[in-house]
2 protein chains.
Amino acid sequence: MKYCSNCGQLVRLAIPPNDDRPRHICDACGSIHYQNPKLVTGCIPVWEGKILLCKRAIEPRLGYWTLPAGFMELGETLAQAAERETWEEAQAKVNMGKLYSVFSLSHISQVHVFFLAEMRDAHYAPGPESMDVDLFILENIPWKEMSFPTVSQSLRYFVDDLQRGKFPLHMQEIHERSW
Amino acid sequence: MKYCSNCGQLVRLAIPPNDDRPRHICDACGSIHYQNPKLVTGCIPVWEGKILLCKRAIEPRLGYWTLPAGFMELGETLAQAAERETWEEAQAKVNMGKLYSVFSLSHISQVHVFFLAEMRDAHYAPGPESMDVDLFILENIPWKEMSFPTVSQSLRYFVDDLQRGKFPLHMQEIHERSW
């Protein structure tokens, strides 16, 4: 941020009164511009024991497989955001289940959350951001071609939990890029 | 947002190519400015069966009681943010426990999360944003003087769960301001 989004003048980075960290401050109009972590929401869509994955048609990680997920938009609930992303990326309708995995990625100031989800029918197709969408039996999950650590970790939790028959909430902190 | 934070020129609200909702677009430098929901994190600090609450010294809801909570900052994990807020508002050190309540507040584009937490010792004191901090036995929780719905709801879940001896994750959607 170089300019004030409220008045267009140059901002400076300084610690405001009664604060403890630098913010972008506008001396012209008095605005203080706070920046906050972003939420990414997605789900693990399941149909008859198979998992729906999308092959990314966009960067980053073009050509790698992902669970449907993306940045939460204004005016949405977490579940609505995950449902929208599943439609946009995989053209699939899901019944959103329980919150399943929550990741703090402090190095990129993001929080990723994934829900369990059941597909309402067998329909799916690549949305604009996907080059392929397919249902995978567990044995065929392309572990070496996964897009993001939070996606592969959520899938690993799910595969393990399927064997146990219990699906507790998983919390994890990921501190470095690792793919 | 009226001006581009990257180049200082006027932005306009329009739907970018391959998008489906209006964004603030800068025709001068090509920036697209996305806006995203904000995360508020806090905890339920417990010491010997009592709950630590803070009386707010700032607006909104000045003079009402709250759990320590606030906007997550860049570079933090969810638990770190809750720990920092507990120190800032109540000068208490806590061991962060499990993620306990998650609220989607779509009407204000916020997600609030609260952890269970154990105070490490009996020390607490008002931070700059609090006019009072105190430990409450369950019977004395000031229900009619609570600051925010997500705070009172988290406390209600906790009081109920204490009787059951089980503390599952609570997910809730709150669609309107209600206090």
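A residue is called buried if 20 or more other C-beta atoms lie within 10 Å of its own, exposed if 12 or fewer, and partly exposed in between, with C-beta atoms placed from the backbone. The structure is a predicted model, in which local features need pLDDT of at least 70, side-chain atom pairs count only at pLDDT 80 or more, and totals for chains, interfaces and linings use all residues. Residues are numbered from 1 along each chain as its sequence is written, while chains are lettered from A and ligands numbered from 1 in the order in which they are written.

Helices (H or I, at least four residues) and strands (E, at least two) are DSSP runs, numbered from the N terminus. Helix α1(B), residues 78–90, has 13 residues and reaches 18 Å from its first C-alpha to its last; this is close to the expected 18 Å, taken as 1.5 Å times one less than the number of residues. Its buried residues include L78(B), A82(B), T86(B) and A90(B). Q91(B) follows α1(B) and has a positive phi, near 50 degrees.

In chain B, three strands make an open antiparallel sheet in the order β1-β2-β3, where strands pair if DSSP finds at least two bridges between them. β1 (12–14) and β3 (32–33) of chain B each have a single partner strand, so one side of each lacks a neighbour in the sheet. Two bridges join β2(B), residues 23–25, to β3(B), and H24(B) stands opposite H33(B).

Between the chains, 33 residues of chain B are in contact (C-beta atoms, placed from the backbone, within 7 Å) with 33 residues of chain A. On the chain B side, β8(B) gives the largest share, three residues.

Key
Two residues are in contact if their C-beta atoms, placed from the backbone, lie within 7 Å.
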